[in-house]
Amino acid sequence: MKRNTLSLRLFLGVTLAALVVGLTLRPKPSLTAPAPSPDRLQISGAGATFPYPIYSKWFDEYHKLHSDIEINYQSIGSGGGIRQLLSGTVDFGASDGPMTDEQLGQAKTKVLHFPTVLGAVVPTVNIPGVTAELNFTPEALAGIFLGKITKWNDPALTGPNPKVKLPAEDIVVVHRSDGSGTTYIWTDYLSKVSDEWKTKVGKNTSVNWPVGLGSKGNEGVTGQVKETPNSIGYVELIYAVQNKLPYGRVKNSSGAFVKADLDAVTAAAAGAAKNMPDDFRVSITNAPGRTAYPISSFTWLLIPAKIDDAAKRKVITDFLQWMMTKGQAYCNDLSYAQLPKPVVTKELKAISQIQ
Amino acid sequence: MSLPTRPAPAGRVRSFINRLRTGDEVAHLITLLFATSIFLVTALLVFELYDNSALPRHKFGWAFFVTQTWDPVFENFGALPFIYGTVVTSALALLIAVPLGVGAAIFLAELAPRPISDALTFIIELLAAVPTVIFGLIGMFVLVPFMRVYVEPFLKATLGFLPLFKGPLYGIGFLTAGVLLGIIVIPFIVSVSREVLLAVPVDQREAALALGATKWEATWKVVVPFARTGIFGSIFLSMARALGETMAVTMVIGNVPKIATSLFAPGYSIAAIIANEFSEATGDLYVQSLVELGLVLFLLTILLNGLARLMIVATAKRGTSQE
């Protein structure tokens, strides 16, 4: 008798538990945004964190112009944005690095890249007693981050900085520990200027660093550099500008030492625009041009070439048009570098590829 | 075939309904459901971790556990530096937190006047509720410079002949992460251990005192052994927290996947690398290797918990615990 009730209990319990699990496993469709009301069109995107401030400004302003359209953007990181776009859970993605051929191959429909704004990465240092802005050659930066240049008074550093008295101290390298578009741009640049970096380390949102300490986020790297004497790190230009961090000049491909600012970044994009491929997947690090800052990059919106929902297609193409023309005016307030004119012209033509 | 020998189903159902009316069966069902759901959630977690790490499991096999490289560019992944960092920082944390925490709990439960004890316990429980990211920030801006300027030079000067205390002093690294984790888990040990000590029956103390024991002897030789299982429970809880702690550790450990004997060196923990790299990871092998690290952390927790439980059983005969 007892055993029977026990088995009945077990049976009922397991059935109920299975029901609960079944219910919890199923609601994948309801995880997406709440069902849109008929008079309000909702479009969702996900991806890069670096352009999030300007994107949210754009989507907000665009919503003010078209009150029936809402664009939701989750800044979950470039990798997450690409993953969600490939799995079809968002209408568009965003990334700080162009998608690889392998990733494009996984896409069910063709994915188009649209550059939106520009960013740059700058080296920031903390050497007690040194307040001058340092000049860095590409060889010096690659040497430091490869662990080959270990002292601040190395000839590779004293050469371009004749007026600065650099100490005979060990260099402490600080890099990002979290996967990040900033790291992608930095390592992309080092891969271009150093063959050894390219073959030993390579470029990615995270890499196998030969030397250094890892810190999370721009704020983590900044904090670590400030806390550690004789250290060097790299941060986004916008972060450095907004927090008034001192940062060094970098020698560009024309041999000039350039201090990063918005104009120098746009100049880098203009230099690269002449050889812009039709799919816009281009790295503009080490771009030609006397005033170009060499560690610059586009950030991209990733849009499917085929959008079945006609209403969504219309909104997305209209938004892209608005973003490249009127929308660019919001860039400077938020310290993003604008797209150069030739790139905008080329992109406006490419919008027609969205079917 | 065996159907005819079974009792009539009607009787069973009636008795079941009777029991349902009295409420017993309902309580049984509901609590059974809750208990089963815990089991199912755990099983689901393990299944998902296992299922979503198929690529690296096939590609690297057991070598994943002993490989020291973590290279997202050339897609070569190994877990050893992260396992090492997780174990070393957690061990350091317990080394610091257990004596301090149990000592504080003994004071609060046995020696301090009750109002002071209650007030201090309230503060300790507040401490336990502080998000660990706050501890991480304090660690970054207060503990790290303190370690670099005072503690690490002192250790290097006095114990520098040991391989544990060699190398450059960055302030961040295994030692700082261990100390910070220790600070984070102390409130759990104090809070739980104090409750357990207070639950020891008064006659145990009185009996010891009546036999001529001093107050300290009664506490140390009777009350603490009696509460031993509960105190160990608090230590397990702390160990699990230390193994899985993410934000605070990643802010002070240095995030370098290398194995170093020196406690001053920077390292990495499993939870920290998952939090750091998951959002930007692209490529199936990379993402799935991070998932496999999650599986490794789960196995590590089971293994260490099992070892700790074995230790209790092995030492049970010595104590007077009611195990």
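Predicted model: local features only at pLDDT ≥ 70, side-chain atom pairs only at ≥ 80, totals over all residues.
Along the principal axes, the C-alpha atoms of chain B fill a box of roughly 75 × 65 × 35 Å. As for burial, 37% of the 323 residues of chain B count as buried. Among the contacts in chain B with a separation of 6 or more, 76% are between residues 24 or more positions apart.

The two chains touch, and the contact takes in 40 residues from chain A and 34 residues from chain B. On the chain A side, four elements each supply at least two residues: the helices α1 (2-25), α4 (78-87) and α10 (217-227), along with the strand β7 (213-215). The largest share of that side comes from α1(A), which puts in eleven residues. Sorted by class, the side of chain A that touches chain B has 21 polar, 13 nonpolar and six charged residues.

Chain A also has an open sheet of three strands, arranged in the order β5-β9-β10 with mixed pairing. Its edge strands are β5 (135-136) and β10 (257-258), each of which pairs on one side only. Between β9(A) and β10(A) the run is antiparallel, and two bridges join them. Here Lys251(A) stands opposite Phe257(A), a residue of β10(A).

Two loop residues of chain A are worth a look for their backbone angles. Lys244(A) sits in the loop that links α11 (237-242) to β9 (249-251), and although it is not a glycine, its phi is positive, at about 50°. Lys244(A) counts as exposed because it has 6 C-beta neighbours inside 10 Å, and the cut-off for exposed is 12 or fewer. The other residue, Phe280(A), belongs to the loop between α12 (262-273) and β11 (296-304). Phe280(A) is likewise a residue other than glycine with a positive phi, here near 65°. With 17 C-beta neighbours inside 10 Å, Phe280(A) counts as partly exposed, since a residue is buried only at 20 or more.

Technical notes:
Residues numbered from 1 in each chain as written. Chains lettered and ligands numbered in written order. Pairing = 2+ DSSP bridges. Contact = placed C-beta atoms within 7 Å. Nonpolar A, V, L, I, M, F, W, Y, C, P; charged D, E, K, R; others polar.
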